Amino acid sequence: MEKVLKSIRGLFRIKELRKKFFVTLGIFAIYRFIAHIPAPGIDLPALRQVFNSSQLLTLLDIFSGGTLANFSIMALGLNPYINASIIMQMMTMVIPSLEALSKEGEYGREKIDRYTRLITVPLCFVQAFTVIVFLRQQNLILENDPIHLLSLVFTVSAGTMLLIWLGDLLTEHGLGNGTSLIIFAGIIGRLPVTLFQTASTLDQSSITNAIVFAVMSLGVIYAVVKTSEAVRQVPIHSARRGAESFLPLRLNQAGVIPIIFAVSFLLIPNFLTQALSGSANQALAAFSRNLAAFLTPDGFWYNAIYFVLIVAFTYFYTAVVFNPEKIADDLKKSGNFIPGIRPGVSTVGYLSHVLVRITLVGASFLGLIAVLPSIISQATKISTLAVGGTGLLIVVSVILETMKTVDSQLYMHNYNKFLD
């Protein structure tokens, strides 16, 4: 607690951090204002009833910050950009030219980020078209002429690109990763609605269950904090200075990104089933119904696939952000080595071995924490708690990542002050 208070005091004491903080709040305010501008020609009361009746649609609405149930001009949220990022990172691992580009420092990252945005544009149109088809099937669009439908597709696609731009501003001028902060702001903005829905469904018998869930939520928060702070200290010896230090390997190198990726990936079948449910082809319509029944959010297979995806994306993203070959090369150039391990290939193998083992623990914990609220929700019969549990996990993780960013900038400020 003392560390948190120290970080908050430093946030307002240092001019640069104070500026970043107010820029972050300003962009949040702009985002939430635009998020309440509705796209024209939608039956909003009927749309909200449809979303309230579907747990998966409610989860999608939370990740869009409530923009989808209101069908604002940002209705798609960052989902197309997240899917484009997944596609681009996979392509980076299998296409040699992109892999070489990713190793070219800032220039390479900017090029890959530009390609990601180019992929996002067609994904926006595809997802917008799918959402429009779903709305037409539910008779939620008041005007069905082609010009109006096409204008809706372009409107929500432009809203997503505007949201990506706001995320870039947050990354450059704010307190942390823009994508994570935008999703964080959306969940926080949607949180009062979720709490109200939960409170309205409680009766005398379920109040105790809600209290039990609240207590377990505090336990989950504590576990997430401890796991995020956990590191495996690899001993490092300096041949030049004869001193010993440690290379800290985080238990979870990927942070909250695997959860965001997994949820975005699971939403693809939902879009597919909504698009095919009204098909004239009986085989396709039956396939969509079976797929929807198979992937119900409170079902076993949905949670099993959710768990596996989180573990897989944790390993995937860890492989992207942590390069054992580069670490081993840097240690060798600086005259450092791991005691008992030869520099070079042996060091790479050792770091990879350690990373695989600790990532398995971190990824399994992350997956378990993600599906635990759904399991508890089935036991307590309060459906909104499963949705709130996923949002809670993301909120806690984003706060921790942001606090680490603030702490690192405080450290750099104090270090520069010492040099001056």
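User: Which residues form one aromatic cluster with Phe-261?

Analyst: In this predicted model, Phe-261 forms one aromatic cluster with Phe-313, Phe-316 and Tyr-317. The structure holds 8 aromatic pairs.

User: Why is the pair of Phe-261 and Tyr-317 called edge-to-face?

Analyst: The ring centres of Phe-261 and Tyr-317 are 6.2 Å apart and the planes stand at 85°. Rings pair if their centres lie within 6.5 Å, and planes over 60 degrees apart count as edge-to-face. The pair of Phe-261 and Tyr-317 is therefore edge-to-face. This pair links distant parts of the chain, with Phe-261 in helix α11 and Tyr-317 in helix α13, 56 residues apart.

User: What makes Phe-261 and Tyr-317 count as buried?

Analyst: Buried means under 20% relative accessible area. Phe-261 has 6%, so Phe-261 is buried. Tyr-317 has 19%, so Tyr-317 is buried too.

User: Why is the pair of Tyr-302 and Tyr-306 called tilted?

Analyst: The centres of these two rings are 6.2 Å apart and their planes are at 45°. Planes under 30 degrees apart count as stacked and over 60 as edge-to-face, the rest being tilted. At 45°, Tyr-302 and Tyr-306 therefore make a tilted pair. The two residues are 4 residues apart in helix α13, so about one helical turn separates them. Tyr-302 and Tyr-306 are both buried.

User: What makes the charged end of Arg-32 count as sitting over the ring of Tyr-31?

Analyst: The charged end of Arg-32 is 5.4 Å from the centre of the Tyr-31 ring. The distance limit is 6 Å, and the charge must also be within 35 degrees of the ring normal. The charged end of Arg-32 is found to sit over the ring.

User: Which residues touch the most other members of the largest nonpolar core?

Analyst: They are Tyr-31, Ile-259, Tyr-306 and Ile-394, in a core of 51 residues. Helix α11 gives the most to this core, with 8 residues. A second, separate core has 22 residues, including Leu-68 and Phe-71.

User: How do you know that Thr-314 is buried?

Analyst: Its relative accessibility is 1%, against a limit of under 20%. Thr-314 therefore counts as buried. Thr-314 lies in helix α13, and its side chain reaches the backbone oxygen of Ile-310 at 2.6 Å. Leaving aside neighbours within four places in sequence, Thr-314 is in contact with residues including Asn-252, Pro-258 and Leu-366.

User: What makes Asp-168 and Arg-117 a salt bridge?

Analyst: The N to O distance between their side chains is 2.2 Å, and the limit is 4 Å. Asp-168 and Arg-117 therefore meet in a salt bridge. The pair links distant parts of the chain, Asp-168 being in helix α8 and Arg-117 in helix α7. At 18% relative accessibility Arg-117 counts as buried, whereas Asp-168, at 30%, counts as partly exposed. The whole structure has 4 salt bridges.

User: Why is Lys-333 called exposed, and what does Asp-329 count as?

Analyst: Lys-333 has 60%, so Lys-333 is exposed. Asp-329 has 34%, so Asp-329 is partly exposed. Lys-333 and Asp-329 form a salt bridge, with the closest N and O atoms 3.2 Å apart. Both lie in helix α14, about one turn of the helix apart.

Note on methods: Residues are numbered from 1 along each chain as its sequence is written. This is a predicted model: local features need pLDDT of at least 70, side-chain atom pairs count only at pLDDT 80 or more; totals for chains, interfaces and linings use all residues. Side-chain values use heavy atoms; hydrogens and water are left out. Rings of Phe, Tyr and Trp (its six-membered ring) pair if their centres lie within 6.5 Å; planes under 30 degrees apart count as stacked, over 60 as edge-to-face and the rest as tilted. Buried means under 20% relative accessible area, exposed over 50%, partly exposed in between (1.4 Å probe, protein chains only). A nonpolar core is a set of buried Ala, Val, Leu, Ile, Met, Phe, Trp, Tyr and Cys residues joined through side-chain atoms within 4.5 Å. A polar contact is a pair of N or O atoms within 3.5 Å; within protein, one must be able to donate a hydrogen and the other to accept it, and residues adjacent in sequence count only if both atoms are side-chain atoms. Contact means heavy atoms within 4.5 Å.
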